[in-house]
Amino acid sequence: MPVNKTARTVQISLPSGESAEIYYYGATVTSWIAGGKERLFVSGKAALDGSKPIRGGIPICWPIFGPPPKEADASLQYHAKLSQHGFARNHNWTLDHVVMDRPTGVSVKFTLDPTPEIISIFPHPFHLSYVVTLTKHELSTDLHVVNPSPTKSLTGAVSAAITSALPASVVGSESKVPQSAADDAAHHELKFQALFHTYLAVSDASRVKIKGLKQGLTYLDKVGPQGWTERTWQGGDLVIDKQVDRVYYGLGKHEDVVLEDGEDKLTVHRVELTDVTTWNPTAEAGAGIADMEPNGWVRLLLAVNLGAFSYLTLLPPSYRTPGQEWIGQQVLKIAGGA
Ligand SMILES: O=P(O)(O)OC[C@H]1O[C@@H](O)[C@H](O)[C@@H](O)[C@@H]1O
């Protein structure tokens, strides 16, 4: 069976032996086997019961990446109250349908819509869908973000706009929807950051060379006594020889990031995801992370999280841009295939 459902997961596979596993919780991809090896790292201490975000695989950070914004920007007032990396990674998604099921490729689509719990922390309409596609040499993950169109007048009460965009099952939670006209503007635009927090498995992170970061790129360095500092990348390969926690901004469309460790090569291709974050705190700095297995930092190369770190804005489709949808895509590809 190329698509197999269990209580907590959807597993997809090809007759040639490649496979992937996706948890409903967070729509987190927890396994990708290609070229005879597991390519994703999941900590042996990761919680897989839905009690906290899964430490490994490909968690989805949405609608924020990192800590919540501190800016006094009214349009980010709800983002400012979210927990680190947002709520997409710790809510159950729904398997929408099997998009493709062929010997050469299998693809499944998951969705996430507001639930009463989400509305209580983020009272804004949204519709997310997530397509995971497995082919012989690639794993592609595509996040689609839609700002549902209010069916009523946009100058009307925001609660009407929001409730009209929500599934009937959650309309009962109207009291949690903001009522004031002041909230109205903030609720017309859907602002978000989006990031695939990909934990890649390697045999020894310190041996991996990360290529493709061009000299002159601006990056945010989150490590060091000065706190978050913007620097200019001097070029060359990035190696994990010390604690690394960075965001490289604005890579070009065709600038793939390539990971090489002597025996293996993995290419990371991005569509609409302009920034690349790299994080590996190493054993010393990562010791406080309770759900990381002992020595996990060696096996983990969280080298390439692709994301849109700046806030992107989507307007309601019926308001200005009918049918507007944002699609961010990450394609992981092992060497040896077209
Ligand atoms: O423990 P979390 O919430 O999954 O976050 C892990 C890490 O995620 C990284 O992307 C951040 O840059 C780090 O600062 C953070 O520690």
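Two strands are taken to pair if DSSP finds at least two bridges between them. On this basis, in the predicted model, strand S11 (residues 190-196) and strand S21 (residues 305-314) pair in the antiparallel sense, with 6 bridges. Within this pairing, Ala-194 has Ala-308 of S21 as its bridge partner.

S11 and S21 belong to an open sheet of 7 strands, arranged in the order S6-S11-S21-S19-S16-S14-S15 with antiparallel pairing. Its edges are formed by strand S6 (60-61) and strand S15 (229-232), each of which pairs on one side only. Strands of a sheet pair through backbone hydrogen bonds, in either a parallel or an antiparallel manner.

Another open sheet is made of 5 strands in the order S1-S2-S3-S4-S5, and here too the pairing is antiparallel. Strand S1 (3-5) and strand S5 (37-38) are the edge strands, each pairing on one side only. Strand S4 (residues 29-34) is joined to S5 by 2 bridges in the antiparallel sense, and Ile-33 stands opposite Glu-38 of S5.

Strand S22 (residues 326-334) has 7 of its 9 residues buried, so this strand is largely enclosed by the rest of the structure. Buried here refers to a relative accessible area under 20%. S22 pairs with strand S10 (residues 138-146) in the antiparallel sense over 8 bridges; in this pairing, Asp-142 has Gln-329 of S22 as its bridge partner. S22 also pairs with strand S18 (residues 265-271), again in the antiparallel sense, over 6 bridges. Here the bridge partner of Thr-267 is Lys-333 of S22.

The ligand sits in the largest pocket. The residues surrounding the ligand are Arg-55, Phe-65, Gln-84, His-85, Arg-89, His-197, Lys-222, Asp-245, Trp-279 and Asn-305. For Gln-84, a polar side-chain atom lies 3.0 Å from an oxygen atom of the ligand. The corresponding distance for a polar side-chain atom of Arg-89 is 2.9 Å, again to a ligand oxygen atom. In the side chain of Asp-245, an N or O atom is 2.6 Å from an oxygen atom of the ligand. Of the 390 Å² of accessible area that the ligand has on its own, the protein covers 82%.

Conventions
Residues numbered from 1 in each chain as written. Predicted model: local features only at pLDDT ≥ 70, side-chain atom pairs only at ≥ 80, totals over all residues. Heavy atoms only, no water. Buried < 20%, exposed > 50% of the residue type's maximum accessible area, 1.4 Å probe, protein only. Helix = DSSP H or I, 4+ residues; strand = E, 2+ residues; numbered from the N terminus. Near = heavy atom within 4 Å. Polar contact = N/O pair within 3.5 Å; in protein donor to acceptor, adjacent residues only side chain to side chain. Areas by Shrake-Rupley, 256 points an atom, 1.4 Å probe, with all protein chains shown as cover. 1 Å grid on protein atoms, 1.4 Å probe; cavity = no way out; pocket = protein on both sides within 12 Å on 5 of 7 lines; lining within 4 Å. Sits in = over half its atoms within 2 Å of the grid points.
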